Amino acid sequence: MDFALTEEQQLLRRSVREFAETEMRPHVMDWDEAQHFPQELLPKLAELGLMGIQFPERYGGAGMSAVDYCICIEELARVDPSVALSVAAHNGLGAAHIAMFANEEQKQKYLVPLAKGEALAAWGLTEPGSGSDAAAMRTVAAKDGGCWVLNGSKMFITHGTSADTLVVMAITDRAKGAKGISAFVLQRGMGGLQAGKKEDKLGMRASETTEVILQNCRVSPAHMLGDEGQGFIQTLQVLDAGRIGIAALSVGLAQGAYEAARNYTAQRTQFGRAIASFPSIQERLSEHASRVEAARLLTYKAAWLKDQGRRMTLDSAMAKLYASEIAVRAAEDCVQMHGGYGFVKDYPAEKYFRDVKLLTIGEGTSEIQRLVIARQLLAA
Ligand SMILES: Cc1cc2nc3c(=O)[nH]c(=O)nc-3n(C[C@H](O)[C@H](O)[C@H](O)COP(=O)(O)OP(=O)(O)OC[C@H]3O[C@@H](n4cnc5c(N)ncnc54)[C@H](O)[C@@H]3O)c2cc1C
């Protein structure tokens with residue numbers, strides 16, 4: 001067992017950290033305030049390989065491992081969780097679904113520009129009436145002549161407006177339940193595909209979240225990913241891996257919040273001493289640092305299993321559950337340790353506190369992670 005990062009991984013961490021500090025840190029609060037999705041950052045992210053982190057080089061990707069992926073997402077989230085969320089949704093949901101289930105022709109057409117960062121991906125599962133119970137979706141794809149005609153709407157879609165390529169799930173045979181759901185790849189500008197309302201969010205405000213509306217969106221069979229009826233099974237596999245990304249995002253955010261608390265408490269004085277000298281503050285800093293490290297190890301273990309080609313449903317759900325829950329506590333206590341200064345926008349604490357809540361909700365709430373974990377434990 002080797003817990004050390006390789007030299008390449010240490011270098012990767014340093015380069016992504018430097019990128020985040022110089023290209024992102026100065027703009028974080030402006031992007032947040034204006035709910036500006038910084039698309040201007042995408043070519044620079046692509047230069048670092050961050051738009052195609054785990055995809056093979058033959059498809060324009062950076063060919064990195066799942067552990068490398070965690071390092072990248074962690075370092076982006078430490079500075080701006082919104083940017084990390086967008087990078088994770090592009091890599092880990094939309095583009096990943098295509099990389100995992102598309103045929104060669106579809107990969108050349110859709111994955112190559114996504115992996116090179118020349119196009120942006122979105123992934124549409126959630127609907128107004130179906131979130132945790134994703135199989136209860138209502139979007140349908142009906143056969144008409146040789147084509148599929150899609151009708152319905154998708155809710156809370158990351159990059160619902162700006163994505164060039166969208167993967168959406170739709171019912172192709174209602175009688176078959178979850179086995180009657182199929183996946184389709186769509187492109188912006190197609191007739192019948194439209195972005196709806198952009199959400200005004202509590203946090204993660206620099207990551208674009210929109211409704212997607214499908215109204216008689218007619219596509220040829222070449223737009224189906226994998227076989228008819230496989231869409232829901234594909235979805236579960238995409239989410240198994242996607243959750244490692246949200247776990248890494250949680251580790252990065254918790255690390256950022258812990259560092260902000262450590263730095264602030266070291267310089268803030270009350271009662272004639274740095275507040276970091278008080279036992280209660282030291283206990284809490286120690287707790288958060290330990291939890292962040294435990295969450296990192298769980299996350300890297302799930303990523304390592306993925307790199308070994310092994311099943312990681314249980315480990316990715318455990319990592320996502322634990323990392324997101326400890327991140328919420330770290331961000332909350334970061335505000336507390338800042339006192340009144342944690343409540344104002346001059347310090348990063350309040351933004352971590354707003355951003356963090358998404359992590360116990362997106363890609364399966366904590367309650368759903370517990371169901372996934374229990375199902376795995378009881379089936380063992
Ligand atoms: C910023 C943001 C970005 C997102 N990006 C995407 C995206 O790109 N693509 C996409 O498809 N979706 C996306 N989502 C949707 C996200 O995955 C869902 O919001 C999430 O899965 C929860 O679904 P819901 O909001 O419908 O809540 P619900 O499922 O209605 O849940 C409400 C509450 O009920 C609880 N609950 C539900 N069922 C159970 C149960 N069986 N046992 C116990 N408790 C239960 C939940 O845990 C939760 O606390 C995004 C959401 C947000 C906020």
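Is Lys143 buried or exposed? In this predicted model, Lys143 is exposed, with a relative accessible area of 59%. The side chain of Lys143 meets that of Glu228 in a salt bridge, with 3.8 Å from N to O. Glu228 itself counts as partly exposed, at 41% relative accessibility.

Arg78 counts as buried because its relative accessibility is 8%, and the cut-off for buried is under 20%. Arg78 forms a salt bridge with Glu21, where the closest N and O atoms are 2.9 Å apart. Glu21 is partly exposed, with a relative accessible area of 27%.

Arg78 also forms a salt bridge with Glu259, and here the closest N and O atoms are 3.0 Å apart. This pair, too, links distant parts of the chain: Glu259 is in helix H7 (residues 231-267) and Arg78 in helix H4, 181 residues apart. Both Glu259 and Arg78 are buried.

These pairs are part of a wider set. The count for the model comes to 24 salt bridges. Some residues are joined through shared partners: Arg13, Arg17, Glu74, Glu75, Glu293 and Arg296 form one network of salt bridges.

Key
Residues are numbered from 1 along each chain as its sequence is written. This is a predicted model: local features need pLDDT of at least 70, side-chain atom pairs count only at pLDDT 80 or more; totals for chains, interfaces and linings use all residues. Side-chain values use heavy atoms; hydrogens and water are left out. A salt bridge is a side-chain nitrogen of Lys or Arg within 4 Å of a carboxyl oxygen of Asp or Glu. Buried means under 20% relative accessible area, exposed over 50%, partly exposed in between (1.4 Å probe, protein chains only). Helices (H or I, at least four residues) and strands (E, at least two) are DSSP runs, numbered from the N terminus.
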